[in-house]
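User: I would like to go through this structure with you, starting from its overall layout and then moving to individual residues. Could you take my questions in turn?

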Amino acid sequence: MNIQGQDVWVIASIGVVTADLPQGNDLAGVLRQNANKGCRSCTISKDSFTDFTQDIALTSRYHHLTDSEFALISAETVISQKKQLSRKYGLKLQPNILDELKRERYLQTPQDIYHVTAGKIGRLLKLTCELFSQEGENDFIKTWKDFEKPKTWSRIPNPISHRESFMMSDYLRLAIIMPFILNRFLKITSLKNNEAKNIQQRTGASRINLVKNIIITCWVHIAKTMSMVFKSKFTINSYEELQQSLKEEMNILPKVFSEFVNLPNLHVSVHLLMHAKTYGTLINTQCGIKEMVHRVFKAMVPGQIARILN
Ligand SMILES: [Zn+2]
């Protein structure tokens, strides 16, 4: 190609693939997250998804090893054997079409923090709301309505009655204010007695009154981790801080709520430090960036959606 009078080579290559959990797995050639080895970054079994003590270097997936595993799957002629190998490696029966290109399928298909963070907050919100007694629900709605939210925020729907209409950004904003809201009103009578007892038992808290603090602590951890994963700059120290807050979050959430045990969304935390170091930050590869780039291209090429006319 001639650019400003000079002949230059133009090479189109794949930079990074951003996708939600299931689609990201598809694009990396890995089975979906409900398979036994359904993580696209490592081969840990789904029963150990929220174990932060794993040796990541040992369990990680590596492009060249996957190539040879795909070769073994494809060399197998009996379909039942093929499927058995596919399950053994947690890989699809066939490599992905993107493998025709030169790429590193795992490093270039990082996990998306936007989806995983909103997913975690959504789950914690649902679980928290389910803990509320009638009194707790009333007090929560009152405190929620009275809370001074920033004027620039668009209206967030009522978290108890209209959670289904939440957008991802609503979850992220809610997580910022939730620790303060809970701190204002939460009492032990705000919680259903059996649910509070259950949490007391799970966490080994000495008094039932401590359960409300434990719930607030969960929200503090999720908010703190959110602020770390969306950081626009990192230093060697703050990478460590990121890892620390991910670890603490993964320690507390499954301890308090059984619904977080081995949750694929939470497991992703194990890999975020690697992605952050590969691309500088985690926001560089978040889906939102892709949406913005897509909007730019769409504006440049109007009517790009193909239509077949007879
Ligand atoms: Zn993994």
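This is a predicted model: local features need pLDDT of at least 70, side-chain atom pairs count only at pLDDT 80 or more; totals for chains, interfaces and linings use all residues.

User: How many helices and strands does the chain have?
Analyst: There are 13 helices and 2 strands in the chain. Both are DSSP runs numbered from the N terminus, helices being H or I with at least four residues and strands E with at least two.

User: What box do the C-alpha atoms fill, and what percentage of the residues is buried?
Analyst: Along the principal axes, the C-alpha atoms fill a box of roughly 70 × 50 × 50 Å. Of the 310 residues in the chain, 31% are buried. A residue is buried if 20 or more other C-beta atoms lie within 10 Å of its own, exposed if 12 or fewer, and partly exposed in between, with C-beta atoms placed from the backbone.

User: Which domains is the chain divided into?
Analyst: The chain is divided into domain 1 (21-100) and domain 2 (113-289), with bounds that come from an automatic or database domain assignment. Their centres, taken over C-alpha atoms, are separated by 30 Å.

User: And how many residues are in contact between domain 1 and domain 2?
Analyst: In domain 1, 12 residues are in contact with 13 residues of domain 2; contact requires C-beta atoms, placed from the backbone, to lie within 7 Å. The side of domain 1 that touches domain 2 consists of 5 nonpolar, 5 polar and 2 charged residues. Here Ala, Val, Leu, Ile, Met, Phe, Trp, Tyr, Cys and Pro count as nonpolar, Asp, Glu, Lys and Arg as charged, and the others, Gly among them, as polar.

User: What does Ile222 touch?
Analyst: Not counting residues up to four places away in sequence, Ile222 touches Lys120, Ile121, Leu124, Ala175 and Glu249.

User: Ile73 is in α3, then; which residues of α3 are buried?
Analyst: Thr66, Phe70 and Ile73 are buried in α3. They cover an arc of only 60 degrees around the axis, so they lie on the same side of α3; the arc is that of the directions from the helix axis to the C-beta atoms. The buried residues of α3 pack against α4 (79-89).

User: Which exposed residues are on the face of α3 turned away from its buried side?
Analyst: That face carries His64, Leu65, Asp67, Ser68, Ala71 and Ala75.

User: Next, Asp170: buried or exposed?
Analyst: Asp170 counts as buried because it has 22 C-beta neighbours inside 10 Å. This residue lies in helix α7 and touches Ile156 and Pro157, not counting residues up to four places away in sequence. The C-alpha atoms of Asp170 and Ile121 are 10.0 Å apart, although 49 residues separate them along the chain.

User: Last topic, backbone angles: what is the phi of Gln4?
Analyst: Gln4 has a positive phi of about 50 degrees although it is not a glycine. Most residues other than glycine have a negative phi. Gln4 is in the loop between β1 (2-3) and β2 (6-7), and it counts as exposed, with 5 C-beta neighbours inside 10 Å.

User: And where is Asn262?
Analyst: Asn262 is in the loop between α10 and α11 (264-267). Its phi is positive as well, near 60 degrees. With 17 other C-beta atoms within 10 Å, Asn262 is partly exposed.

How values were computed:
Residues are numbered from 1 along each chain as its sequence is written. Two residues are in contact if their C-beta atoms, placed from the backbone, lie within 7 Å.
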